[in-house]
Amino acid sequence: MIEVCGLTKRYGEVLAVDDLTFAVRPGEVTGFLGPNGAGKSTTLRMILGLDAATSGTATVGGRPYSAQPAPLKAVGALLDAGAVLPSRTAYHHLLALAAGNGISRSRVAEVLAEVGLESVARRRAGTFSLGMRQRLGIAAALLGDPPALVFDEPLNGLDPEGIVWIRGLMRRMAAEGRAVLMSSHLMSEMELTADHLIVIGRGRLIADTPMKTFIDAHSGREVLVRSPQTESLRRMLAPAEGVRADGADGLVVTGLDAAEIGALAAAGGVELHELTPRQPSLEQAFMDLTRDALEYRTATTEMETSR
Ligand SMILES: Nc1ncnc2c1ncn2[C@@H]1O[C@H](COP(=O)(O)OP(=O)(O)OP(=O)(O)O)[C@@H](O)[C@H]1O
């Protein structure tokens, strides 16, 4: 179990992490979400003893990272896939880590096979693609067979096959009873991978809930309706909470379900070509919840979120 209690980090004027408390339970993948600059990496760095907290605590299995006798056996982490000596081979990189943590040589071969790098194990890491370095970082995280895993943006640089592989790996690690904490900006992938979500904004906790509860609570139900008579249809949809255009012949409706829209259209004699309830997505729920917490907003996201 990873536990964060009252964790705070100040960099001069910037309060990067602000009194954060949450737990990452074993047997689940917990997604760690927040807009750019929300404090995710800083939190993960404090859990891994790479940054000192201004106040509060972060522990894994009840101990702070600095008090772990064999850190790689307590928690595996992928923070920065570039953090490998370019002149070292993948095999020697892992062997050096294993030696420092009392981990056997045979385990190095096992994790190389696990991440699919066996055939390039004797190549220098400096020649690796970003995706291969990402896999090497994951091999290092798994080396100590730890009960807790922390991944910061593990999908960076991975091709579609690699992304599906990570999803399977995370799910399997959780099914084996490990506590898995993972940050990613890829919402569609997070939705498929995580059971539970911790969402932060401007360093503060804004949600700590199961995935399904989060999506249900924070995204409005929408129905897409297409008709060659959108203007007449729009008039009939006066009882809806919201109606916005979607292309030339479409309207996206909130506050009415598909049956209600169908009945209104039928009563008004309007022809429909499509009537589709839209599945609420994590992406939409996340955008709705964090709109106020965005530290940096581009003109584009401003336009998109206000549509
Ligand atoms: N070493 C540092 N010195 C000063 N400020 C820092 C330092 N590291 C992070 N910060 C600031 O702390 C805040 C949180 O940054 P952090 O990298 O933790 O966010 P994040 O949620 O990981 O963002 P992203 O999604 O962009 O990676 C930001 O305002 C950042 O500028």
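Student: In what sense do strand β1 and β2 pair, and over how many bridges?

Tutor: Antiparallel, over 7 bridges, with β1 covering residues 2-11. Strands here are DSSP runs of E, at least two residues long, and helices are runs of H or I of at least four, numbered from the N terminus. Two strands pair if DSSP finds at least two bridges between them. Y11 stands opposite V14 in β2.

Student: Before we go on, what kind of model is this?

Tutor: A predicted one: local features need pLDDT of at least 70, side-chain atom pairs count only at pLDDT 80 or more, and totals for chains, interfaces and linings use all residues. Residues are numbered from 1 along each chain as its sequence is written.

Student: Back to the sheet. What is the strand order?

Tutor: β2-β1-β4, an open sheet of 3 strands with antiparallel pairing. β2 and β4 (55-60) are at the edges; each has a single partner strand, so one side of each is left without a neighbour in the sheet. The twist averages 20° from one strand to the next.

Student: Which strands does α1 touch?

Tutor: β1, β2 and β4, as α1 packs on the sheet. Contact means C-beta atoms, placed from the backbone, within 7 Å. The direction of α1 makes about 120° with that of β1. Axes are lines fitted to C-alpha atoms, for helices over the stretch in contact, and angles run from 0 to 180 degrees between N-to-C directions.

Student: New topic. Which residues are around the ligand?

Tutor: Y11, V14, A16, G34, N36, G37, A38, G39, K40, S41 and T42. The cut-off is a C-beta atom, placed from the backbone, within 6 Å of the molecule.

Student: Which element gives the most to that shell?

Tutor: α1, with 3 residues. β2 (14-24) and α1 (40-47) each supply at least two.

Student: And β5, which way do its residues point?

Tutor: V75 and A77 point one way, G76 and L78 the other, and all are buried. Buried means 20 or more other C-beta atoms within 10 Å of the residue's own; exposed means 12 or fewer, partly exposed in between, with C-beta atoms placed from the backbone. β5 pairs with β6 (residues 148-152) in the parallel sense over 4 bridges. G76 has L149 as its bridge partner in β6.

Student: How far apart do the C-alpha centres of domain 1 and domain 2 lie?

Tutor: 45 Å. Domain 1 is 2-210 and domain 2 is 221-278, with bounds from an automatic or database domain assignment.

Terms used
Two residues are in contact if their C-beta atoms, placed from the backbone, lie within 7 Å.
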